[in-house]
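Hello,

Here is the structure I promised to pass on. My notes on its salt bridges follow below it.

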Amino acid sequence: VSLGLKQALPDPWESLPRKYPIGSRLKGKVVNVTDYGVFVELEEGVEGLVHISELTWSKKMKHPSKIVHIGDAVEVMVLDCDPAKRRISLGMKQIEPNPWALIEEKYPVGTKVVGRVKTVTDFGIFIGFDEGVDGLVHVSEMSWTKKIKHPSELYKKGQEVEAVVLNIDRKNERFSLGIKQLTPDPWKDVARRYRKGEVVVGKVTNVTDFGAFVELEEGIEGLIHVSEISREKVEKPSDVLKVGDTLSAVVLHIDPHDRRIGLSIKGLKEKAEKAEIEKYISNQGSTSHSLGELIQEEMEKRGGGLPSKKEND
């Protein structure tokens, strides 16, 4: 004869959907912590599972034991209930507002924000905010002009920084920030400051096999291609130019979109020669005119002005 003790009492799971409808908030006690989640006792004989993905809005939590421990009193929300399988799914993060919804409302695109550096990586820095959300400043968004090899050159963990909100992807939980956007892009009006044919002065910052880069102002560099260094063939730019050299060159072309300025030393010499020729021609013209005036004055002194055609003949 098989006997059952539990059958003497009503099955609590039969009335569970009615007693604990989906969306209701309950209080319970943590009775077990596993790698995949936390079991919470709602009443005697009824335990629900809070899956690890439902513990917190943050995706950086490595183990449930970092948040709760056995015996803790917790508040949960009913997510699903299956009396037949005696399963009830619970959530803890749903008790608190989704921080990504708060971020989207609090920091619209273009807003200036202040936070502290939480992590420095090869590709950028993560800035933490009070809402528990980290924003990423990619290395390409740190400076308009500087070529940053590693973010650690400029920033360190714990440092307070200011940034501008570039994009918020609530679905994929991505918060993109930029630091260079705090200042105007110097290339935006570079075509107004430099014009084709203008003579500029700069300092050589880098010499390569194909030419030399010259800094015209902070963050603005122009390239002198090897073919524009001299009229004579130059095999290696380093034979003619050195880093630190200050030189003059003429602007060949400006491309603000691709952030390029073409310079030429050879063109500068040609420009100088052309100016000399024009000056010479101008002086010659002025001299001839003066000579004609002298002849006219001399003829007038002799009493007759300029000779007639018959006299010339």
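Asp189 and Arg193 pair through their side chains in a salt bridge, at 2.4 Å from N to O. The term stands for a side-chain nitrogen of Lys or Arg within 4 Å of a carboxyl oxygen of Asp or Glu. This is a predicted model, so local features need pLDDT of at least 70 and side-chain atom pairs count only at pLDDT 80 or more, while totals for chains, interfaces and linings use all residues. Residues are numbered from 1 along each chain as its sequence is written, and side-chain values use heavy atoms, with hydrogens and water left out.

Asp189 is partly exposed, at 27% relative accessibility. Arg193 is partly exposed too, at 25%. (Buried is under 20% relative accessible area, exposed over 50%, partly exposed in between, with a 1.4 Å probe and protein chains only.) Salt bridges with shared partners link Asp189, Arg192, Arg193 and Glu217 into one network.

Next, Arg170 and Glu104. Their side chains form a salt bridge at 3.7 Å, N to O. Arg170 sits in the loop between strand S9 (160–169) and strand S10 (174–178), and Glu104 in helix H2 (residues 99–106), so the pair ties together parts 66 residues apart in sequence. Helices (H or I, at least four residues) and strands (E, at least two) are DSSP runs, numbered from the N terminus. Arg170 is partly exposed at 41%; Glu104 is partly exposed at 36%.

Then there is Glu235 with Lys233: a salt bridge whose closest N and O atoms are 3.8 Å apart. Both residues are exposed.

The total for the structure is 11 salt bridges.

Best wishes
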